[in-house]
Amino acid sequence: MHETDMTKALMITLREWWESQPTRPPVERVFLTVGQFTCVEPASLQFAFEVQTRNTFLANAQLVIQETPLIAFCHGCQLEYRPEFGLRYACPTCQAPMDDIRSGRELKIDRVEYATASTPP
Amino acid sequence: MHQIIDETLGINLLHANQAGADHNRAHFDEWGITCLNVMSSPGAGKTVLLEKTLAALTDTLKIAVIEGDMTTELDADRLRQYNVPVVAINTGRACHLDARMVAGGLHTLSQAHTPTDLDLVIVENVGNLVCPAEFEVGEHAKVALLSITGGEGKPLRYPVMFRGADVLVITKVDLAPYLDVDLSRIEANVREINPQVTIIAVSAQTGAGLETWFDWVRAAVKPSQLAAAH
């Protein structure tokens, strides 16, 4: 249900880009980065994308998701560390709370691959 | 014959929603309204907290509520008893409010009320700890509720919601003697994820902590408005 809405949001964003293209090219692949510290489950998103893009401008597009881990930075220790998602987020060395997040918050459309008709040389 | 073109976009997946949220916030700012987005799991006590808030603050602040509910207007009807404008948004199968829905709610609101007369718009989101965390609606502050009946581990299991909250209201603290739950443990777990969060423990039943919450709300409303209200 949640990923249904995420897919809808993704499609709205992509449609804005697509409609701004003069040729409205057929999209072949969409590359996403999805962080671990977001509310998105990649497998569910993959499934939702497949179902929801049927009969749309993204019908033939493949979704490629790259996951990024949760990485925090402890200012006291000047070290990056990987919190244990669901269990512990504090710095394992000095127990300071999770302050800066260096990776894991990404929810990004990196790039789009599309085909364009070209005249042979 | 076709050639593959690879175009770098680098845009946020929620770009369209974020733009809508920024648009809503610009309207709130223009009208001098503070907007709070109230989120929690179902049954944490959002509606009763709002009831207490409306009862206590409508003397000094002009408040409206945008109420998200998946199917009914039951919660909205509870809040209408306090003689404040309440716009109910039935989200259908969507499990959160998004910026577009709230924009629709604002539109409805502005048909019956002059928005510049309002000080505070409280958005009561759909009961859900997962999705609302990612969808801004144009709020100035995020309020997360956590009932002590949910247990100590909840912040660790739903970290995105609790990381994003500006204030955490721990509810139903009057039940603490009957539960095997340590309030300080809940607070510590939330702070592990979000060291800056303001934590307020309340009981709508006994009234404990409510004054602290009301003070927080008063302080969240833009100072110029409070000055104008006095």
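## The sheet of chain B

In what order do the seven strands of the open sheet in chain B stand? In this predicted model, the order is 4-3-5-2-6-7-8, and the strands pair in the parallel sense. Strand 4 (86-90) and strand 8 (198-201) of chain B are found at the edges, and each of them has a single partner strand, so one side of each is left without a neighbour in the sheet. From one strand to the next, the twist averages 20°.

Two of the pairings can be followed in detail. Strand 3 (residues 63-69) of chain B is joined to strand 5 (residues 120-124) of chain B by five bridges, in the parallel sense, and within this pairing A64(B) stands opposite V121(B) of strand 5. Strand 7 of chain B likewise runs parallel to strand 8 of chain B, with four bridges between them, and here A201(B) in strand 8 is the bridge partner of I170(B). Between these two strands the chain passes through helix 7 (residues 183-193) of chain B, which gives a β-α-β crossover that is right-handed.

## Helices 1 and 4 of chain B

Two packed helices are described by the angle between their axes and the distance between the axes. For helix 1 (residues 15-31) and helix 4 (residues 99-112) of chain B, the axes come within 8 Å and cross at roughly 30°, and that makes helix 1 of chain B roughly parallel to helix 4 of chain B, since angles under 35 degrees count as such. The crossing of these two helices is left-handed.

On the side of helix 1 of chain B, the residues that take part are N17(B), G20(B), A21(B), N24(B) and H27(B), and they meet A99(B), R100(B), V102(B), A103(B) and L106(B) of helix 4 of chain B. Sorted by class, the residues of this contact are five nonpolar, four polar and one charged.

## Helices 2 and 8 of chain B

The axes of helix 2 (residues 46-57) and helix 8 of chain B come within 11 Å and cross at roughly 70°, and the two helices are therefore roughly perpendicular to each other. Their crossing is right-handed. From helix 2 of chain B, the residues K52(B), T53(B), A56(B) and L57(B) meet L210(B), F214(B) and V217(B) of helix 8 of chain B, and this contact has five nonpolar, one polar and one charged residues.

## Helices 1 and 2 of chain A

In chain A, the axes of helix 1 and helix 2 (residues 42-52) come within 9 Å and cross at roughly 60°, which makes helix 1 of chain A oblique to helix 2 of chain A. The contact is made by E3(A), T4(A), M6(A), T7(A) and M11(A) of helix 1 together with S44(A), L45(A), A48(A), F49(A) and Q52(A) of helix 2 of chain A. These residues divide into five nonpolar, four polar and one charged.

## Where the two chains meet

How many residues does each chain bring to the contact? There are 35 residues from chain A and 32 residues from chain B. On the side of chain A that touches chain B, the elements that give two or more residues are helix 1 (2-19), strand 1 (27-35) and strand 6 (107-117) of chain A. Strand 6 of chain A gives the most to this side, with eleven residues. By class, the residues on this side of chain A are 21 nonpolar, six polar and eight charged.

Technical notes:
Residues numbered from 1 in each chain as written. Chains lettered and ligands numbered in written order. Predicted model: local features only at pLDDT ≥ 70, side-chain atom pairs only at ≥ 80, totals over all residues. Pairing = 2+ DSSP bridges. Axes fitted to C-alpha atoms, helices over the stretch in contact; angles between N-to-C directions. Contact = placed C-beta atoms within 7 Å. Nonpolar A, V, L, I, M, F, W, Y, C, P; charged D, E, K, R; others polar. Parallel < 35°, antiparallel > 145°, perpendicular 65-115°, else oblique. Left-handed = near helix turned anticlockwise from the far one by under 90°. Right-handed = clockwise from strand over helix to strand, strands pointing away.
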